Amino acid sequence: MRKLLLHPSLRRIIFFFPFQLVFLHIKKNLLLLSVWGLLFGFITQALAPRYGVPYLFLNPEYLDDVSPLAYFIIGFACGGFIMAFNIASYTLNSFRFPFLATLAHPFTKYCYNNYIIPTVFLLVYVYNILAFLYGEQIYSSFEILTFVSAFLAGVTVFIVVTLLYFFRTNKDIHRMFGVKPQEAGQDELLHKMYRKRQESWKNPYLIRENRDWYVETYLSNPFRIRLVRAVRHYKKEMLRNVFSQNHRNAGVFSFIAIISLLGLGFFREVPFLMIPAGASVFLLLTMFIMLPVPLHSIFKGWAPVIFILFLVTLNFLYPLDFFNNTNKVYGLNYNAPKAPYENKTLNRFFSQKDTVTSDFKAMIETLNKWRLKNQKTVEEKTEKPKFVIVCTSGGGVRSSLWTFQVLQQADSLLQGELLRHTALITGSSGGMIGAAYARELYWQSLSGKTTDFYSSNYLTDISKDVLNALAFSIATSDWFLSLQNITYDNFKYNKDRGYMFERRLNDNLRNVFSGKRLHDYKLVESEAIIPMMIFSPTMVNDGRKLIVSSLPVSFLTQNETSENLHVSNLNDGIEFSRFFREQGASNILFTSVLRMSSTFPYVTPIVSLPSEPAIEIMDAGMRDNYGIEVALKYMYAMRNWIETNTSGVVIVQIRDRHKEFLIDENPAPTMMGALTRPLGSFYGNLFNMQDFTQNQELEYVSSWFAGKVDVVDFQLKNEELPDKISLSWHLTNREKLNVLKSIDLPENQESIDRLRRLLK
């Protein structure tokens with residue numbers, strides 16, 4: 001083995017600077033490597049494919065279009081990340097390689113030699129882009145070549161611009177002290193030095209300190225290898241000064257870059273700045289690895305301690321009002337006295353039987369108007385109408401698009417009878433957004449504001465990207481401080497990613513919800529002109545439902561008592577409009593209601609309501625992803641009227657997944673898999689468990705409802721790869737096509753035929 005190590009050729013390979021840098025990163029810089037590992041997982045679709053994260057990198061969308069410009073932007077951001085990696089690595093590790101200070105343009109030389117990880121990443125990235133685009137089968141070879149070329153051009157432009165900056169500003173030992181760089185005249189010594197080293201496996205010219213990292217050869221440019229020469233004849237202070245100047249320059253560059261990116265957050269509403277979400281992820285990771293650079297430039301070895309102290313201090317200061325980090329819904333008065341959220345207050349609301357009776361009677365009046373609108377007379381005989389309830393599931397844009405398409409196409413084929421017969425729409429997340437858009441356009445068609453409710457252009461609207469605006473806001477603004485505000489009704493609110501979600505959603509949907517408040521739907525819902533909608537987002541505090549409706553529905557928060565049942569009641573919901581009446585609940589923007597029901601963790605912020613303690617709200621799907629629980633509770637409260645005045649109930653269930661799901665394989669787990677499986681299985685099967693429970697609840701309906709109940713399922717084809725559609729606020733063009741094609745599945749066409757027969 002020793003003879004093998006003595007061989008000069010093998011020594012040149014083992015102690016080649018690029019290889020030694022890889023070994024150094026593995027030994028000393030695991031945090032930097034973990035970020036690369038995260039990105040490798042994304043681009044290879046090994047991480048978060050269910051949520052569509054890989055598609056943000058492989059199929060970026062900019063200004064609602066997959067274009068060469070979108071690929072150029074994400075390539076430019078990728079180039080920024082690569083250079084941030086080089087800057088951070090150089091700042092943290094250059095002191096281990098004293099010979100660098102004796103070279104001309106040491107940072108540039110370092111980048112040449114630190115190429116292995118970035119190059120492998122780019123090769124894997126390009127391969128996966130090609131594989132993905134060819135797999136989509138909707139792009140020509142020329143388009144694919146253009147996309148890849150634009151991506152590589154973006155990477156190249158950023159790297160070249162950054163290297164030019166450092167090339168002009170960084171100083172080497174010659175520019176600082178007038179010493180001739182060691183590369184000059186080196187070639188003639190190369191063979192002589194190697195002959196002298198034949199009997200030793202280490203370069204005798206490299207007398208080094210313990211902290212130095214041994215290197216024999218390096219790349220002086222991308223195509224030329226040189227031998228490392230001795231640095232013992234240089235004063236250590238000279239070498240340190242070169243590195244210190246380079247580090248200060250890197251720190252200034254990093255600081256300016258971070259401030260510039262944060263400054264862009266002030267212009268996040270400008271459409272052309274809503275860059276592809278994948279580029280925003282690159283920006284976020286770029287800032288993450290560049291943050292230590294200015295600290296290291298100033299505090300040197302104390303930088304890690306200073307950074308940890310900063311995080312600890314921030315953790316304790318974060319709850320202060322100064323940080324203004326509370327996410328609010330727009331329209332509510334947060335300056336009014338907080339609504340007390342405690343058992344005493346809840347018990348008072350739950351015991352108000354007169355209120356429940358009043359709301360019940362008001363709902364009966366609305367249902368009577370619905371009956372008059374839908375009943376028909378055939379041969380002098382009045383036929384009772386079918387009572388239609390639409391239940392739609394959550395699931396991001398896929399559910400929004402799927403729900404809208406089902407309602408639009410089924411209503412068209414039934415000549416307007418579906419939405420006319422629909423009394424109630426409930427559900428969660430994206431499905432409720434699609435249903436709300438369909439209902440709004442239906443209302444406009446009734447009032448003559450639009451005559452093309454069945455236009456396919458609306459399908460394009462509802463399927464547009466929402467994630468780009470959210471991701472850019474996260475990357476540039478939503479850190480520790482909210483520095484921008486928005487004013488509604490003289491109340492100030494944070495302008496954060498929650499605001500961007502509502503703004504982008506409204507822009508996508510032709511601003512049909514612009515300025516609309518919850519109370520704007522009260523009259524048309526109470527007159528049964530359009531279906532009523534009941535939202536039920538989940539309260540993080542205790543898991544209760546927050547029942548949100550423009551109509552009074554306190555009966556949905558009550559448990560009916562019985563002489564034959566003696567049990568301590570546990571009410572599982574509160575009525576939003578009454579609980580927050582003093583805070584102006586009816587003035588809440590309708591887009592904020594949609595957002596509360598669609599609060600996907602970390603992507604959109606958890607909403608805080610004006611109570612004490614603050615009630616925090618997240619996605620309705622945590623409790624009732626399919627809307628069945630709310631629908632059955634409504635049916636139970638109104639069962640006597642429905643039995644008397646209708647010919648039965650039709651529950652139209654619009655699902656973003658099949659009820660009959662595939663059973664996953666269960667191979668022998670690894671140790672880590674065995675540790676994480678219990679928790680992972682619980683969350684992975686959350687919606688399946690809801691299905692089992694709600695299926696039982698449907699079976700029990702016959703025990704308390706004498707009428708006929710038909711459940712008509714519309715199910716999105718979303719079980720197997722490659723047709724699996726991601727749970728995201730961004731869909732690829734192929735995923736959109738898969739959603740739209742699902743309506744033609746035989747089981748969904750049969751569901752339309754069933755509806756036609758039921759509502760004939």
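Mentor: L32, V35, W36 and L39 in α4 meet F81, I82, F85 and S89 in α6. Contact here means heavy atoms within 4.5 Å. By class, this contact has 7 nonpolar residues, 1 polar and no charged ones. Ala, Val, Leu, Ile, Met, Phe, Trp, Tyr, Cys and Pro count as nonpolar; Asp, Glu, Lys and Arg count as charged; the others, Gly among them, count as polar.

Now the geometry. Helix α4 covers residues 30-43 and helix α6 covers residues 68-93. Their axes come within 11 Å and cross at roughly 165°. Axes are lines fitted to C-alpha atoms, for helices over the stretch in contact, and angles run from 0 to 180 degrees between N-to-C directions. That crossing angle makes α4 roughly antiparallel to α6, a label for angles over 145 degrees. The crossing of α4 and α6 is left-handed: the near helix is turned anticlockwise from the far one by less than a right angle.

A word on the basis. This is a predicted model: local features need pLDDT of at least 70, side-chain atom pairs count only at pLDDT 80 or more, and totals for chains, interfaces and linings use all residues. Residues are numbered from 1 along each chain as its sequence is written, and side-chain values use heavy atoms, with hydrogens and water left out.

Next, A410. It is found in helix α18, residues 396-413. A410 counts as buried because its relative accessibility is 1%; buried means under 20% relative accessible area, with a 1.4 Å probe and protein chains only. Leaving aside neighbours within four places in sequence, A410 is in contact with Q405 and L418. D753 is 343 residues away from A410 in sequence, yet their C-alpha atoms are 9.3 Å apart.

E629 is another site. It lies in helix α28, residues 628-637. At 18% relative accessibility, E629 also counts as buried. Not counting residues up to four places away in sequence, E629 touches K545, R623, D624, Q694 and E697.

Finally, the whole chain. The protein has 33 helices and 18 strands. These are DSSP runs, numbered from the N terminus: helices are H or I, at least four residues, and strands are E, at least two. Of its 760 residues, 54% count as buried. Among contacts with a separation of 6 or more, 80% come from residues 24 or more positions apart. The protein exposes about 34,500 Å², and carbon and sulfur atoms supply 60% of that. Accessible areas come from the Shrake-Rupley method with a 1.4 Å probe.

Definitions and conventions:
Buried < 20%, exposed > 50% of the residue type's maximum accessible area, 1.4 Å probe, protein only. Parallel < 35°, antiparallel > 145°, perpendicular 65-115°, else oblique.
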